[in-house]
Amino acid sequence: MKENGLITAYLLDGKGGGRRLDWAGVRLPPEIKPGEFLWFHMDYSQPDVQRWLREESGLEEAIAETLLQEEIRPRVAVARDALLLVARGVNLHPESDPEDMVAIRMFVEERRIVSTQRRPLLPVEDLCRAIDKGEGPETVSAFIADLNGRLVERIADVVETLDDQLDALQNEIMELSRYDIGLHRQISFLRLQFIRLRRYLSPQREALTRLHSERLSWLDEIERLRIRETADRTIHYVEDLDTARERATVAQEELFNLLSEQLNRRSYILSLIAVIFLPLSFLTGLLGINVGGIPGAESNLAFWIFTGVLIVLGILQVLWFKSKRWM
């Protein structure tokens, strides 16, 4: 429940649990005992949050503006034993597109974490539930590793779901005998989702890889290895997205081939019809000129004889085309 932009705030006890704080606790934090640390998580679009970050948080102006920035790509910056981390997670809330990834911005110090977002993010909600149960992170470094791990887990679910959808569409295409514009649109939409996901996952992979290599006094070796594992998984998902995008391209090409084959078949049939009727049209045109001397002009049977000749000529052409395997 947001209170003037405050999504949630905790005084974490260093044992996996924590006590929730309100705005008063954010503005005047309680005494921090050894092993404890603070986490303030806010909606940066709210005026109270913007005012607090710029005037009361004690953060440098550049850092505060980064936490308030609307459009931002995943990245990592380190200064004076503090960490600025921007990451993204998939948007799995109802009526949202998974590839429309939500950014979370975090400024991390040894005893305090300040993070911002605008739209809901399920990994953050999962983390809050874990803290309420006493199963949350016990240190600041564990918090960073845990949150990034949860972000990647949700991304994995989306990538696997999209991959399964692509498999199903490819199987449908293999069974097609003619072009299907509905399948073409589905493939195009799926390919667009792969591209959008990769757009943010690629810099996030680089950010996590850099985070693993940074030397911060509060980032212990075990959590560093967890971050490295998360970075490796992100690399794997980026590679999966690249492969899926190529598969979607191949699927589109298969549909284009079906369309081209269908058009060629129709053009071929029209060409055959035109070739069959070309000599027939020539004969009817020749005998239809309005000049004297037309053979059979005085005979009552001439029309039927000529019609029979045209039919026989048409049949002979069809038989000749079949003997040449043109039909």
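Is helix 4 largely enclosed by the rest of the structure or largely exposed? Helix 4 is largely enclosed, because 8 of its 11 residues are buried. The model described here is predicted, and its protein chain averages a pLDDT of 84.

**Confidence**

- In the protein chain, 92% of the residues score a pLDDT of at least 70.
- Among the elements of the chain, strand 3 has the highest mean pLDDT, 95, while helix 8, residues 302-323, has the lowest, 79.

- An open sheet is formed by 7 strands in the order 2-1-3-7-6-5-4, and the pairing is mixed.
- Strand 2 (18-20) and strand 4 (75-79) are the edge strands, so called because each pairs on one side only.
- On average, neighbouring strands of this sheet are turned by 15° against each other, with direction ignored.
- Strand 5 pairs with strand 6 in the antiparallel sense, over 7 bridges.
- Valine 86 has arginine 105 of strand 6 opposite it.
- As a general rule, strands of a sheet pair through backbone hydrogen bonds, either parallel or antiparallel.

- Helix 3 (residues 61-68) lies across strand 4, strand 5, strand 6 and strand 7 (112-117).
- The angle between helix 3 and strand 6 is about 155°.
- The buried residues of helix 4 are Leu122, Pro123, Val124, Asp126, Leu127, Cys128, Ala130 and Ile131.
- These buried residues pack against strand 1, strand 2, strand 3, strand 6 and strand 7, and also against helix 5.

**The nonpolar cores**

- The largest nonpolar core has 32 residues, and Trp39 and Ile144 touch the most other members.
- At least two residues of this core come from each of strand 1 (6-12), strand 3 (37-43), strand 5 (82-89), strand 6 (102-108), helix 4 (122-132), helix 5 (140-174), helix 6 (181-213) and helix 7 (221-287).
- Helix 5 gives the largest share of this core, with 6 residues.
- A second, separate core holds 26 residues, among them Ala156, Leu162, Leu183 and Leu241.
- Apart from neighbours within four places in sequence, isoleucine 144 is in contact with Leu85, Met106, Val108, Leu211, Trp218 and Ile227.
- In soluble globular proteins, nonpolar side chains tend to be buried together.

- Glutamate 214 sits in the loop between helix 6 and helix 7.
- Glutamate 214 has a relative accessible area of 16%, and because buried means under 20%, this residue counts as buried.
- A polar contact of 2.9 Å joins the side chain of glutamate 214 to the side chain of arginine 210.
- With neighbours within four places in sequence left aside, glutamate 214 is in contact with Val78, Leu219 and Arg224.
- Threonine 230 is placed in helix 7.
- The relative accessibility of threonine 230 is 5%, so threonine 230 counts as buried too.
- Threonine 230 is in contact with Asn148, Gly149, Val152 and Leu208, leaving aside neighbours within four places in sequence.

Technical notes. Residues are numbered from 1 along each chain as its sequence is written. This is a predicted model: local features need pLDDT of at least 70, side-chain atom pairs count only at pLDDT 80 or more; totals for chains, interfaces and linings use all residues. Side-chain values use heavy atoms; hydrogens and water are left out. A nonpolar core is a set of buried Ala, Val, Leu, Ile, Met, Phe, Trp, Tyr and Cys residues joined through side-chain atoms within 4.5 Å. Buried means under 20% relative accessible area, exposed over 50%, partly exposed in between (1.4 Å probe, protein chains only). Helices (H or I, at least four residues) and strands (E, at least two) are DSSP runs, numbered from the N terminus. Contact means heavy atoms within 4.5 Å. A polar contact is a pair of N or O atoms within 3.5 Å; within protein, one must be able to donate a hydrogen and the other to accept it, and residues adjacent in sequence count only if both atoms are side-chain atoms. pLDDT is the predictor's confidence in each residue, from 0 to 100. Two strands pair if DSSP finds at least two bridges between them. Axes are lines fitted to C-alpha atoms, for helices over the stretch in contact, and angles run from 0 to 180 degrees between N-to-C directions.
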